[in-house]
Amino acid sequence: MQTALYISVLIISSCGLVYELLAGTVASYLLGETVTQFSLIIGTYLFSMGVGSWLSKFLEKDLIPKFLEIELAIGLTGGFSSSILYLSFGHIRFFQVPLFLIVVLIGILVGLEIPILLRILKKELQFKELVSRVLSLDYVGALLASISFPIFFAPKLGLVRTGFVFGILNVGVALWGTWALPLKFSRMLLLRTQAVIVLTLLVIGFSFSDLITYYSEESLYTDEIILSKQSQFQRIIVTRWKNEIRLFLNGHLQFSSRDEYRYHETLVHPALLAHPRPKRILVLGGGDGLAVREILKHESVESVTLVDLDPAITDLFSNHGVLNGLNGKSLKNPKVEVINGDAFVWLENEERIFDVVIIDFPDPSNFSLGKLYTTAFFQVLKRRMNETSVLEIQSTSPLFARSSFWCIERTISSVGFHTLPLHVYVPSFGEWGFVLAGQKPIRMKREFPDDLKFINEDELESIRTFPQDMSKVPVEINRLDNQALVRYYDREWNRILD
């Protein structure tokens with residue numbers, strides 16, 4: 001019995017953490033990924049576990065049936081949690097209400113489990129041995145969940161299916177307990193009936209996971225969804241309305257085919273025009289190949305190296321008929337080398353020198369992304385550039401996230417670069433910002449490719465001029481040990497979204 005109960009502890013702790021990871025991930029997809037939000041979810045979960053542990057002292061009789069009923073309740077709540085959150089987002093004005101109700105409920109139920117289990121086992125072992133074994137297995141289960149969730153479950157099964165799988169595991173523990181633990185026949189029969197009902201509901205939910213996901217996503221996006229895919233790193237959605245194609249990653253719009261040329265021409269051409277003869281180009285991020293499309297318009301370019309974290313993105317934009325039509329099949333061009341990996345790690349191991357570096361990372365909404373905008377990152381990047389090399393980086397909105405934009409500019413200049421801030425109006429996003437930088441003052445040629453839609457001599461002057469409401473403000477330098485940029489970004493975009 002002891003061994004089986006210890007295995008149950010592993011499953012219990014794994015399931016509890018996975019449910020909170022699911023809640024945090026779904027919330028980040030739907031509301032926007034911010035440090036405050038995820039921190040609040042985890043903090044609320046831990047507090048709720050404490051409440052559950054405190055409430056456990058009021059449970060004095062029939063501990064084994066109560067333990068099994070709690071398992072069934074967690075399995076049912078946790079199993080349907082992702083589905084409830086996805087379906088409620090499009091129909092409930094205050095989405096945080098069901099979000100935190102689920103977090104609190106699961107936290108309280110998980111908090112009840114371990115104390116009750118300790119009391120069930122107290123006759124079997126000495127107290128110090130009992131506590132050390134159960135708590136050790138509890139933490140091991142949390143570790144297994146934290147490793148397996150992002151590597152296997154989320155990318156392979158998706159968030160909705162993952163919830164049902166772990167709900168089924170919880171019910172499996174309860175069903176096993178009706179055989180392994182001493183129970184009165186009438187109570188055992190009732191618990192088995194309850195377990196079979198909950199298990200049936202979870203299996204039905206698992207079977208209809210695709211339909212639940214489709215319906216919830218249809219309610220989130222006004223346009224027709226032509227592609228929906230979960231990668232190891234993000235949820236990928238492509239929509240279409242008439243001739244307009246839009247890409248969403250984790251629920252956030254990345255581009256619209258109607259106006260993306262404004263963004264990508266401003267991201268690419270000022271940098272290439274600032275180099276006397278750009279031959280070797282490095283693109284960090286930008287796995288959609290749209291920046292590469294613009295780069296290949298310059299005849300002097302001999303090679304383009306694209307480094308993007310997510311192979312699912314580069315594969316889609318290489319092989320999907322609609323998507324590689326947008327980038328002009330740029331990722332299939334013989335001049336282009338595609339590498340999938342972490343840009344920071346790749347740069348540290350790379351030895352080549354590049355004439356131009358184009359950086360199209362996601363906005364710095366969390367510490368993992370924020371590190372790509374730190375002095376440490378730009379110092380590493382600087383070793384891959386010579387005195388004539390230039391870089392240009394997308395730098396969020398100087399209008400909506402003014403401190404964030406100027407924090408990026410100041411961070412780049414602090415490592416010895418001359419900077420030239422730029423901005424452009426993109427209808428899908430509003431005002432957007434970029435920073436062009438080099439080890440010498442920036443001077444741009446006026447030799448434009450023939451087939452540009454936006455950038456010309458007049459626009460090169462216009463995008464350098466910042467009105468008063470986007471002008472420079474005092475900011476900190478973004479370093480690995482302070483991540484000032486993530487704090488600015490979190491505060492500014494939360495204010496806009498609220």
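Helices (H or I, at least four residues) and strands (E, at least two) are DSSP runs, numbered from the N terminus. The model here is a predicted one, so to speak of local features a pLDDT of at least 70 is needed, side-chain atom pairs count only at pLDDT 80 or more, and totals for chains, interfaces and linings use all residues. Residues are numbered from 1 along each chain as its sequence is written, and side-chain values use heavy atoms, with hydrogens and water left out.

Glu224 sits in strand S1, which covers residues 224-230. With a relative accessible area of 46%, Glu224 is partly exposed (buried is under 20%, exposed is over 50%, and partly exposed is in between, using a 1.4 Å probe and protein chains only). Setting aside residues up to four places away in sequence, Glu224 touches Val238, Thr239 and Arg240, where contact means heavy atoms within 4.5 Å. Arg240 is 16 residues from Glu224 along the chain, yet their C-alpha atoms are separated by 5.3 Å.

Next up is Asp360, which UniProt marks as "active site" in an unreviewed entry; such annotations may be inferred rather than shown by experiment, and their positions are given in the numbering used here, with feature names shortened. Asp360 belongs to strand S8, residues 354-360. Its relative accessibility is 12%, so Asp360 counts as buried. Beyond its neighbours within four places in sequence, Asp360 is in contact with Tyr263, His264, Leu267, Leu284, Gly285, Gly286 and Gln394.

The unreviewed UniProt entry gives "transmembrane region" for several stretches, including residues 37-55 and 195-215. Residues 37-55 are 100% helix and 0% strand, and their end C-alpha atoms lie 27 Å apart. For residues 195-215 the span is 95% helix and 0% strand, with the end C-alpha atoms 28 Å apart.

Two packed helices are described by the angle between their axes and the distance between the axes. Helix H3 (residues 63-89) packs against helix H7 (residues 209-220) at about 25 degrees, with axes 8 Å apart. That makes H3 roughly parallel to H7 (angles under 35 degrees count as roughly parallel, over 145 as roughly antiparallel, 65 to 115 as roughly perpendicular and the rest as oblique). Axes are lines fitted to C-alpha atoms, for helices over the stretch in contact, and angles run from 0 to 180 degrees between N-to-C directions. On the H3 side, Ser83, Tyr86, Leu87 and Phe89 meet Ile212, Tyr215, Ser216 and Leu220 of H7. The residues of this contact of H3 with H7 comprise six nonpolar, two polar and no charged.

Technical notes: Nonpolar A, V, L, I, M, F, W, Y, C, P; charged D, E, K, R; others polar.
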